[in-house]
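Q: Hi! Could you walk me through this one?
A: Happy to, here it comes.

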Amino acid sequence: MGYTLNFDAVWRNFDDLLWGLGLSLLLAVTAIGIGCLLGLVLAFGRISRSRLLSVPANAYVTLLRNLPLLVLVLFSFFALPQLGLRLSKQNSFVLALALYSAAYLAEVFRGGLLGVPRGLREAGLAIGLTEGQIRRRITLPVMFRAVLPALGSTFIGLFKDTSLAAAIAVPELTFEARKINVETFRVIETWLVASGLYIATCSILAALLRRVEARLAI
Amino acid sequence: MNAPPSFVDIVWIARWPLLYGLGTTVAVSLLAILGGTVLGTLLGLALTYGNRVVRLLARAYTDIVRGTPVLVLVLASFYILGTVGLDLSAFQAGVLALTLFCASHVGEITRGALQTLHKGQTEAAKAIGLTFGQTFRYVLGPQALRLALPPLVNTAAEMVKASTLLSVIGVAELLLRTQEVISRAFHSLEFYLLAGFLYFVVNYAIERLGRAVERRVSVQ
């Protein structure tokens, strides 16, 4: 064996890893932002009484949840240009991750919407609010608080999924780690530091989310 | 004056590599699910019934593996094992990474299911003189399995999806085979759709099968 740990090469390139981590977070935030909007629309579609809305929404969720994310990522980068949609590496990855996350978030939101007590809606009607006002002022805030824990773990999952962007050479954390690995051959050190960064970020995100939950709890 | 081969022609020409890739995907997923289930069940037992040291170790393992992206596990396993002198093929390194990942999830699922069971059950089993092994075999195990089945089915589908990541380290599973065919014959749109369709079929089958088993074992 005779392998001596030497972290010098990794520390020299540590800035690259940190920039990569920053990009990973940016990709996750952007994707989940778009995914939340789409997921919310899908969730309302799924609980809708109109089959015209619920059937397509259900089909979307079933389809996207059963597709590997990497297939979506490659499709969005390599195949969409054939349909005339040419996006940069970053944008095509965000598109793939947003569409993928929307399916999972739709499940999360659907559960939350079904959990909003009926009485709240009726109370809203009783004081003369319109359907739109009820949705905006009552249903959504109540649902949002209920789904926060699930939303948080979905976000952490998506953050880890940004590592797939390395497959289309987006310079995020995994890509940078692989580059350092190949350039310096400090294999063990590189992957220890890279997974350390992922684990640390996940823990920090989890702690932050717990604080937000505690803040918003009634 | 031959017309360029159509998509269907190319699929037919490339049918064996593609089917072979699909077979590899199924093999990788099955190995990872089986290994991960065995290891994960032990992990779940350690998390629930272990003494402090065992629990701490099992918790550390679970948190570390679950905090790391699967792709990083796959790449780390592929590059690191070679460096420390373990000469594994890409296939073996990849299956190992997926197994470890699967085990961490199954471990959490098992722990969750076992902790949901009422304490009185264990006490009743003790009172009629069952050993711990018997208690687990006849009382806790069957109930925990029923509770754990839906998330386990989910995990199985997740593993099929995660098997695509082995294409990055050069395991010739379905996605890598698809990419190879595309690099020779183009039609990337159609071929990615085909791969997506095949993955969907496999996962949908797992989901349906899982539902059927759930109905079969449900008490009502």
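A: One term to start with: a residue is buried if 20 or more other C-beta atoms lie within 10 Å of its own, exposed if 12 or fewer, and partly exposed in between, with C-beta atoms placed from the backbone. Also, this is a predicted model, where local features need pLDDT of at least 70, side-chain atom pairs count only at pLDDT 80 or more, and totals for chains, interfaces and linings use all residues. Residues are numbered from 1 along each chain as its sequence is written, while chains are lettered from A and ligands numbered from 1 in the order in which they are written.

Q: Thanks! Is A:Ala169 buried or exposed, then?
A: A:Ala169 counts as exposed, because it has 12 C-beta neighbours inside 10 Å. Its phi is positive, about 65°, although it is not a glycine.

Q: And where is A:Ala169 found?
A: In the loop between helix 7 (131-161) and helix 8 (173-184) of chain A. Helices here are DSSP runs (H or I, at least four residues), as strands are (E, at least two), numbered from the N terminus.

Q: What about phi of A:Phe185?
A: That one is positive too, near 60°. A:Phe185 lies in the loop between helix 8 and helix 9 (187-216) of chain A. For background, most residues other than glycine have a negative phi.

Q: Switching to chain B, how many helices and strands does it have?
A: Nine helices and zero strands. Of its 220 residues, 40% count as buried.

Q: What does UniProt place at residues 22-210 of chain B?
A: The unreviewed entry has "domain: ABC transmembrane type-1" there; UniProt positions are given in the numbering used here, feature names are shortened, and annotations may be inferred rather than shown by experiment. That stretch is 85% helix, and its end C-alpha atoms are 21 Å apart.

Q: Which residues of helix 8 of chain B are buried?
A: They are B:Leu174, B:Leu175, B:Leu176, B:Arg177, B:Thr178, B:Val181 and B:Ile182.

Q: What do they pack against?
A: Helix 4 (69-79) of chain A, together with helix 1 (7-13), helix 2 (15-49) and helix 9 (188-217) of chain B. Contact here means that the C-beta atoms of two residues, placed from the backbone, lie within 7 Å.

Q: How many residues does the contact take from each chain?
A: There are 28 from chain B and 33 from chain A. Helix 9 of chain B gives the most to the chain B side, with nine residues.
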